[in-house]
Amino acid sequence: MATDFLTGPGTELRVLRPDDWDAWYDTLIRAFGGVPESTEERELWNALTEFDRSLGVWEGGACVGTAGAFTFRLTVPGGASVPAAGVTMVGVAATHRRRGVLTSMMRRQLDDVRSWGEPLAVLTASEPEIYGRFGYAAATYGLSAEIDTGRVGLSVPAGADDVRLRYAAPADVLDVCEDVYAQLVPLRPGMLARRPGWERVGLLDPESERDGASPLQCVVAERDGEIAGYARFRVKLGWGETGHNGTVVLEDLAALDPATEGALWRFLFGIDLTTTLLVRGRPVDDAWQYQVSDIRRCRSRSRDSLYVRLVDVGAALEARTYQAPVDVVFEVVDDFCPWNAGRWRLSGDAKGATCSRTSDAADLALSVRELGAAYLGGVGLGALAAAGRVREVRAGALAEAAVGFGSAVAPWLPHGF
C-alpha cells in the first residue's frame, strides 16, 4: 500500500517520519488546548509512538492533522486476546476544520488496519459524536465516585486480615505490579495486554497533574510472601474549621483475590487525615460498591470509556465466545467500511464460534456501531433495540442474541492511550 497520497489541493497525507515527530506532536497538543506536557510525558509518548502506524496531514510544510494506532491485544468475552488497533493522538488544526482532514485520516487508517489483519479498532473519544460517523460505539463504561470515608464504613471479605500491606516506591515494585496486572488481563473483557514500555505510563507523575496532591505513592499487598495486589494513589491534605478534610486520589488498584482487594480498599478508606476517596475509571461492577455501608454517600457515576469498531465483522465475532448458544443472521449496515455490509450468520456458544457470509434471511438488522457497542458484553442488544438501534426480524432472535452476547463480568478499560 502506498504511504503518500493527496487529500486535497496542496495537502498531503503520509506515514509519520521520525524527523517530523516534534511538529506532529505539537499540532496534537495545540488541538487539545496547547498546554505543554512535561519533558517526562513528551519523551514517553515519543518512545511509544509507532511511526509506521501513525499518519500526518501536511500543507505547505506545516502539520495540520495527526492520527496514530498502537499495536494492542484486547481481551474479549471468553478470554481470548485479540489484535486491536488502538487509535490515538487524533487531532486537526483549528484552521483546517471541515476540510475533510479527519475523514481522510480515518479512511486511510481503517484501510490500513484491515490490511494488517486486525479485526478491531478501539479508541477513547474526546468527543463521542465525532467517531460515530466512522463506526465506533461506546462498549465499556468507567465508574467514578467521591466517597465520604468519614461517614461510610466498609465490610471486607474474610481473609483480608491475613494480607500484609507495605509502602514501596512505585518504580521499585513496577515489575511485580505488572505481573499482577498481566494475570488479570485474561479475566475481564476490555483489558489491554501491555507491550514493553507501556508499564511506564502508570508511573507518570508530573507535578502539573497533581493539583496540590502528593507525588505518586504505592502500597503493595502480600499473601504468603507473594505480591497479590497493589494500589497507586496520591494524598491531598486539607484543613477546615472542624479539622482535617484531606482527600485520597486513587490512580490504580489491582488484586488477584477478593481478600487482597478488600484489604487494599480498607487501607484507602482509613488513611490518616483524610475524609474523601476519589475513584475514577473503575469497573462498573467493582466489589467495593457492595461492601460500603451507605452507597448514596459515595456519589458514584459512570461515563463512556472504550469505543469499539469492528473492522472485520466475521473475524471479530468469531474471536469471542458466547455465554449461551447463538445461531443468528445479522443484516449489517456499514457505510464507511462497505466490506462489512450484508448478511452474516453467527453460530456460537461458550466453546467457540463461526461467522460467515450467508444468503439466508436476516434475523436481526443493525449497523456496525451496534455490533461494536455490544461486542464486549457490556451493552445489551435488548437495550439497543429499545432505543431503536436494532430491529428484530425473526421473533425470538433478539432474546437469543442478547443473552449470548452478555458477559459475566463487566468489560473495563484499565487505562487510556
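A nonpolar core is here a set of buried Ala, Val, Leu, Ile, Met, Phe, Trp, Tyr and Cys residues joined through side-chain atoms within 4.5 Å. The model is predicted.

**Cores**

The largest nonpolar core has 74 residues. Those with the most contacts inside this core are Leu-120, Leu-310, Leu-317, Phe-330 and Leu-346. Helix α1, residues 21–31, gives the most to this core, contributing five residues. A second, separate core holds 29 residues, including Val-57, Val-101, Leu-110 and Val-311.

In helix α1, the residues Trp-21, Trp-24, Tyr-25, Thr-27, Leu-28 and Ile-29 are buried. Their cover includes α2 (39–48), β3 (55–59), β4 (62–75) and β5. After α1 comes Gly-33, which has a positive phi near 110°.

**The second largest pocket**

The volume of the second largest pocket is about 630 Å³. Its lining consists of 21 residues, and Val-92, Arg-97, Leu-102, Glu-127 and Ile-130 lie nearest the centre. Three elements, β5 (81–92), α3 (101–115) and α4 (128–132), each give two or more residues to this lining. Of the elements, α4 gives the most, with four residues. By class, the lining has 10 nonpolar, five polar and six charged residues.

**Cysteines**

A search of the whole structure finds zero disulfides. Cys-218 is in no disulfide, and the nearest cysteine sulfur, that of Cys-177, is 4.5 Å away. Cys-337 counts as buried because its relative accessible area is 0%.

| Residue | Relative accessibility | State |
|---|---|---|
| Ser-305 | 17% | buried |
| Glu-118 | 9% | buried |
| Pro-411 | 4% | buried |

Ser-305 is found in the loop between β16 (301–304) and β17 (306–310). Why does Ser-305 count as buried? Its relative accessibility is 17%, and buried means under 20% relative accessible area. Leaving aside neighbours within four places in sequence, Ser-305 is in contact with Leu-123, Thr-124, Thr-140, Tyr-141, Gly-142 and Leu-413.

Glu-118 lies in the loop between α3 and β6 (120–124). Not counting residues up to four places away in sequence, Glu-118 touches Arg-53, Pro-83, Ala-84, Ala-85, Val-113 and Val-311. Val-311 is one of the residues of the second core.

Pro-411 is in the segment after α10 (397–405). Which residues does Pro-411 contact, leaving aside its neighbours within four places in sequence? They are Ala-139, Thr-140, Tyr-141, Arg-188, Pro-189, Leu-376, Gly-377 and Gly-378. Pro-411 and Pro-283 are 128 residues apart in sequence, while their C-alpha atoms are 7.3 Å apart in space.

Methods:
Residues numbered from 1 in each chain as written. Predicted model: local features only at pLDDT ≥ 70, side-chain atom pairs only at ≥ 80, totals over all residues. Heavy atoms only, no water. Buried < 20%, exposed > 50% of the residue type's maximum accessible area, 1.4 Å probe, protein only. 1 Å grid on protein atoms, 1.4 Å probe; cavity = no way out; pocket = protein on both sides within 12 Å on 5 of 7 lines; lining within 4 Å. Points joined across faces, edges and corners; volume = space filled by probe spheres on them. Nonpolar A, V, L, I, M, F, W, Y, C, P; charged D, E, K, R; others polar. Disulfide = S-S within 2.5 Å. Contact = heavy atoms within 4.5 Å.
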